[in-house]
Amino acid sequence: MANLGIHVLKQATRVSIPVVADSGLPYVTGVSPIHTATKPGKVNTPILCTSWDEAVEKLGFSYDWETYPLCEFIYSHFQLFGCQPVIFCNVMDPATMKEDIAAEDYDVSEHKVSLPLAVMSGTVNVSDSAGAALELDADYSVYYDDRTDVCVVELLETGSAYSAEKLSISYSAVKPDAVVLADIVEGVGHVDDCMTAVGKIPDTLCAPAWSHNTVVAAIMAAKAAGIMGLFHGKCLIDADCGENGVRDYSELPGYKNKNNFVDENQILCWPMVKLGDYMFHLSTQMAGLMASVDTLNSGCPYESPSNKTLKMDACCLADGTEVMLNWPQVNIVAGDYGVVTAVNFLVGGWVLKGNYTACYPGNTDVKDQFTPVSRMFDWVGNTLIRTFWSKLDKPMNRRLVDSILDTCNIWLAGLVGTERLLGARAEMLESENNLLDLMAGILHIHIYITPPSPMQQCDFTLEYDTSYVESALAA
């Protein structure tokens, strides 16, 4: 049949647009007062939050960060550093981790009774002094006040007991202390569910108040090495600052070795930090700082968070004791021990200090020891996986190979042009692609990349030049 006229056909573009991996996206495991949330997320399931309001809505909030450490991260990341998003995993289940509190008499003050924040509002039963049951929303209301961390039973003016001086109240309360190590380990494991649950793949694993535990830290490192079995990231862990933990900087080398905190996917932090009356694990603030620096660099993690400003006014231990580190001591902690710390020296405020992952000084491979270099390797690798996943199962012919190579080299050249890489290229090496592999549909692409190392030292040499005397005084 004739096909008269002018026809326009479209052909698939030979070069793909890279699907750039997320950078500085935290996955945070722990306990939140989820029973106070207005739209609570599922327990032991990744919960994506893009703002303070959304986090409070889905996870609840309390200033008791020792009991509910996820709230520490919520406050730091959204309020102090203004970063988003974050993926949380709350492991406290109010349905099973609870206890029933028998009825007790409470004094009424200004028509209100303040109960512990652990109270589950839907379980509150109130009776007047004569034993008559009161009706919710008719005689009284129940709400949480996160400013004072209490659950409030307030008598309504239109109710029958508005002027009561005592009330009998029973309720059920959550038990945050019922969360055990196994629950945290399970929560860390749910990082593999992030893509399915929220459509995001994190690259920073955190567990404030738990990451100092050797089991948790080891599981975090293992997951960071293979999120969903494919993607790579880093876990931020804290040295124990408690009574039996590290109380002096000189104890850090022994502590690292004893607890086996020597993995290239771990970044070890010490001590804790303060801002006013609030105390934070340093890993919490480092996560916010990393996300801030990455965001300023268009989501590329090539720049170290070291020497960037933290939101703090003192270093401290878990009991609040202030830690004073001078520059020689910081130089030892960050330079010799491979531990990230904080310092207030010269640059006009408190800054993070430390460029090494926990594997240093035992491992001095530049791609492993330096945080920004190692993160760049992770990020480039994660981007390659996401970009070329759609190419799987296509016919492995020359056109496909050239498409992959061209896409890689164009993207890498852009990173070199913006000085986020010093040099980079993609090649298909004959030595790496034997006939049997090619027949089996296995293609090997060799990526050469050189991220810039952080400048840790700069030496100036001063010399008196007598020639300037002669030239200055010559007639």
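These legends walk through several close-up views of the structure shown above. The model is predicted: local features need pLDDT of at least 70, side-chain atom pairs count only at pLDDT 80 or more, and totals for chains, interfaces and linings use all residues. Residues are numbered from 1 along each chain as its sequence is written, and side-chain values use heavy atoms, with hydrogens and water left out.

**View 1. Tryptophan 65 and phenylalanine 280 form a tilted aromatic pair.**
A pair of aromatic rings is described by the distance of the centres and the angle of the planes. Rings of Phe, Tyr and Trp (its six-membered ring) pair if their centres lie within 6.5 Å; planes under 30 degrees apart count as stacked, over 60 as edge-to-face and the rest as tilted. The count by this rule is 17 aromatic pairs. In the pair shown here, tryptophan 65 and phenylalanine 280 are 5.1 Å apart centre to centre, with 50° between the planes. The pair links distant parts of the chain, 215 residues apart: tryptophan 65 is in the loop between helix H1 (52–59) and helix H2 (69–80), and phenylalanine 280 is in strand E14 (residues 278–280). Here helices (H or I, at least four residues) and strands (E, at least two) are DSSP runs, numbered from the N terminus. Buried means under 20% relative accessible area, exposed over 50%, and partly exposed in between (1.4 Å probe, protein chains only). Both rings belong to one aromatic cluster, formed by Trp52, Phe61, Tyr63, Trp65, Tyr75, Tyr278 and Phe280.

**View 2. Charged side chains sit over aromatic rings.**
A charge sits over a ring if NZ of Lys or CZ of Arg is within 6 Å of the ring centre and within 35 degrees of the ring normal. Lysine 311 lies over the face of phenylalanine 81, at 5.8 Å from the ring centre. For arginine 425, the charged end is over the ring of tyrosine 448, 3.7 Å from its centre.

**View 3. Serine 170 is a buried residue in strand E9 (residues 166–174).**
Its relative accessible area is 17%. Which residues is serine 170 in contact with, leaving aside its neighbours within four places in sequence? They are Ile101, Ala102, Ala103, Thr123, Val124 and Asn125, where contact means heavy atoms within 4.5 Å.

Most residues other than glycine have a negative phi, and most peptide bonds are trans. Proline 271 is in the loop between strand E12 (266–269) and strand E13 (272–275).

**View 4. Aspartate 149 and methionine 228 have a positive phi, although neither is a glycine.**
For aspartate 149, phi is about 55°, and this residue is in the loop between strand E7 (140–145) and strand E8 (150–155). For methionine 228, phi is about 60°. Methionine 228 is found in the loop between helix H5 (214–224) and strand E11 (234–238), and counts as partly exposed at 31% relative accessibility.
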